[in-house]
Amino acid sequence: PGTRLAVRVEFPIDARDDNVDPALGVVPCHRVCVGLVGAEHAVFEGSSASERKRTKTRSYAFDSSYQLVDYGYTEAIALDLLLPMDSPVSVKTDLVEVEAALKVEFTVGRSVIRPGGDDAGERVKGYDTINLEVPVRIVHVDPPAQTDEDGQTEVESVITEMTRLWKNEANTGDFDDVGIQRDLRMLSLHCYRNLYGTP
């Protein structure tokens, strides 16, 4: 959670590209939509002991994005998705399953462009969609547990330093928050007087 996922899609510019099979041709793409989605299922036993049923109890739509594609001019696109900090992690137990997936939808023309052919007909025949779904596993990653000379991990060291500064156990050259606390008290009093009048 809290990380970004970049999706990159490359397109052939011309039906005569080296990566295009002349016998198959190219289906022109006009739009790419991506979505990071998830679902939570409750798992329970059915009427027989061997029968297990799954019921969807919750759906998630974490993030989505789309990009228009101009066939013949767009070589590649990159779409950025953000996984929120409060998103659930992937879980699979006897009672519940939480899973996520990356869904990609390509809006394509219905005609195929072949080398040496006329591509004017693809504008007339309409559009269709091609869907792709890729399972995604969401996990919490612990920061690397590297110890410093005091025997503390990186996270413990940061917490110790923040606590020391917050309690104002600093040397004369370190940060001093006494003036800030006084200013915050005055600002709070000023805001109170503006809202409610003189106390």
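1. A pocket, as the word is used in this note, is an open set of grid points with protein on both sides within 12 Å along at least five of seven lines, and its lining residues have an atom within 4 Å of a point. The model under discussion is predicted.

2. In the second largest pocket, the residues nearest the centre are Pro-1, Thr-3, Leu-83, Arg-137 and Ile-138, which belong to a lining of 13 residues. The space in this second largest pocket comes to about 220 Å³. Its lining is made up of nine nonpolar, two polar and two charged residues.

3. For the largest pocket, the volume is about 260 Å³. Its lining consists of 15 residues, and those closest to the centre are Phe-11, Pro-12, Val-26, Val-27 and Cys-29. By class, the lining of the largest pocket holds 11 nonpolar residues, three polar and one charged.

4. Aromatic contacts form a separate topic. One aromatic pair is found when the whole structure is searched. Its members are Tyr-60 and Phe-62, with ring centres 5.5 Å apart; because the planes meet at 10 degrees, the pair counts as stacked, the cut-off for stacking being under 30 degrees.

5. Are the two partners of this pair buried or exposed? Tyr-60 has a relative accessibility of 15% and is therefore classed as buried, since the class takes values under 20%. Phe-62, at a relative accessible area of 14%, is likewise buried.

Technical notes:
Residues numbered from 1 in each chain as written. Predicted model: local features only at pLDDT ≥ 70, side-chain atom pairs only at ≥ 80, totals over all residues. Heavy atoms only, no water. Phe/Tyr/Trp six-rings, centres within 6.5 Å; stacked < 30°, edge-to-face > 60°. Buried < 20%, exposed > 50% of the residue type's maximum accessible area, 1.4 Å probe, protein only. 1 Å grid on protein atoms, 1.4 Å probe; cavity = no way out; pocket = protein on both sides within 12 Å on 5 of 7 lines; lining within 4 Å. Points joined across faces, edges and corners; volume = space filled by probe spheres on them. Nonpolar A, V, L, I, M, F, W, Y, C, P; charged D, E, K, R; others polar.
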